[in-house]
Amino acid sequence: MSKKFWNALKHEKPLQVAGTINAYSALLAKEAGFKAIYLSGAGVANHSFGLPDLAMTTLNDVCEDIRRITFSCDLPLLADADTGWGDAFMIGRTIREMSRAGASGCHIEDQVSDKRCGHRPGKMLVSTEEMQDRIKAAVDARQDDSFAIIARTDAHGVEGQSAAIERAQSYVEVGADIVFAEALNTLNEYQQFTSSINVPVLANLTEFGMTPLFTAKELAGVGVRIALYPLSASRAMSSAAEKVYREIKNKGTQKGVIDKMQTRSELYETLGYEEYEEKLDGLYNDNKHEKNL
């Protein structure tokens with residue numbers, strides 16, 4: 001599956017990667033035409049546990065969601081590994097467990113272990129050398145060379161653009177396959193990254209954050225190779241759910257919001273429901289036939 005990610009990256013510029021918080025949303029992303037998907041740490045914390053994204057979920061929590069998604073959807077999945085959940089041996093385990101769960105790659109960041117959202121104030125970074133050690137441990141641990149090791153740097157908002165580029169260059173020197181440049185503000189800043197680094201650069205287009213919602217065409221124009229939309233669909237789902245709940249509670253019926261719902265037939269089509277029924281009917285008919293012999 002990891003090779004499938006690199007193939008998608010080769011053929012789509014930039015590769016648009018859809019954030020998916022669960023298996024069903026992954027199927028919807030595939031239906032929409034995306035060639036790769038993503039599981040964010042915030043998605044796991046917010047939607048699987050009802051927690052803020054403040055380093056309160058574990059490797060096992062994330063891997064469980066990876067397994068659920070990759071069981072149902074065959075698109076290559078990139079995952080959020082936060083800071084790796086520990087030192088060298090734990091980072092190594094993180095890479096192996098995520099790969100075993102079905103991920104095609106993951107990103108590790110240069111924040112301290114008590115990390116914060118990349119678009120919030122108060123971020124603190126580890127030293128460049130410590131982050132290099134994280135990348136070395138990740139590269140050393142992977143058993144499939146095509147598993148993508150993505151180095152995320154939050155340095156732009158803490159130390160400035162020049163320091164962020166220098167950090168990213170040093171991460172590439174020790175084996176990072178891709179650079180995740182977090183919370184940049186302008187296309188020119190992305191251009192500076194892509195001109196200074198000889199691996200693909202990822203732009204995180206999260207809503208309501210520090211980065212403007214640049215178009216794919218604009219990002220392609222400055223050499224960005226991956227455009228990530230980590231929580232776009234989940235934000236829309238949550239807003240829709242809130243409106244439906246309020247409608248039912250306040251009016252005593254869901255009639256006023258039926259037109260905003262996915263129909264039963266649309267759900268069944270996405271899931272391949274009828275194919276499952278046909279398989280079930282075939283199995284039962286075969287069993288009945290055997291009993292009659």
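Guide: Helices here are DSSP runs of at least four residues, numbered from the N terminus. One such run is helix H13, spanning residues 273–292, and Asp281 is found in it. Please keep in mind throughout that this is a predicted model.

Asp281 belongs to a negative surface patch, together with Glu274, Glu275, Glu277 and Glu278. Is Asp281 buried, exposed or partly exposed? Buried means under 20% relative accessible area and exposed means over 50%, with partly exposed in between. Asp281 has a relative accessibility of 44%, and therefore counts as partly exposed.

The structure holds 21 salt bridges. In one of them, the side chains of Asp177 and Arg142 meet, with an N to O distance of 2.7 Å. This pair links distant parts of the chain, its members being 35 residues apart. Asp177 lies in the loop between helix H8 (161–173) and strand E6 (178–181), whereas Arg142 lies in the loop between helix H6 (128–141) and strand E5 (148–153). Both Asp177 and Arg142 are buried.

Another salt bridge joins the side chains of Asp154 and Arg152, at 2.8 Å from N to O. Asp154 counts as buried because its relative accessibility is 0%. Arg152 is likewise buried, since its relative accessible area is 4%.

A further salt bridge is formed by Arg235 and Glu207, whose closest N and O atoms are 2.8 Å apart. Here too the pair links distant parts of the chain, 28 residues apart: Arg235 sits in helix H11 (residues 232–251), and Glu207 in the loop between strand E7 (201–204) and helix H10 (216–221). With a relative accessibility of 30%, Arg235 counts as partly exposed, whereas Glu207, with a relative accessible area of 17%, is buried.

Salt bridges may also share partners. In this way Asp53, Asp82, Glu109, Lys115, Lys123, Arg152, Asp154 and Glu182 are joined into one network.

Within H3 (residues 41–49), the buried residues are Gly41, Ala42, Gly43, Val44 and Ala45. Their cover includes strand E2 (36–39), helix H4 (59–72) and strand E3 (77–80). Just after H3 comes Gly50, which takes a positive phi of about 65°.

Notes. Residues are numbered from 1 along each chain as its sequence is written. This is a predicted model: local features need pLDDT of at least 70, side-chain atom pairs count only at pLDDT 80 or more; totals for chains, interfaces and linings use all residues. Side-chain values use heavy atoms; hydrogens and water are left out. Patches are made of residues with over 30% relative accessible area and no salt bridge: like charges are joined within 9 Å, nonpolar side chains (Val, Leu, Ile, Met, Phe, Trp, Tyr) within 5 Å. Accessible areas come from the Shrake-Rupley method with a 1.4 Å probe; for residues, only the protein chains shown count as cover. A salt bridge is a side-chain nitrogen of Lys or Arg within 4 Å of a carboxyl oxygen of Asp or Glu. Lys and Arg count as positive and Asp and Glu as negative; His and the chain ends are not counted. The place of a charge is taken as NZ of Lys, CZ of Arg, CG of Asp or CD of Glu. Helices (H or I, at least four residues) and strands (E, at least two) are DSSP runs, numbered from the N terminus. Buried means under 20% relative accessible area, exposed over 50%, partly exposed in between (1.4 Å probe, protein chains only). Contact means heavy atoms within 4.5 Å.
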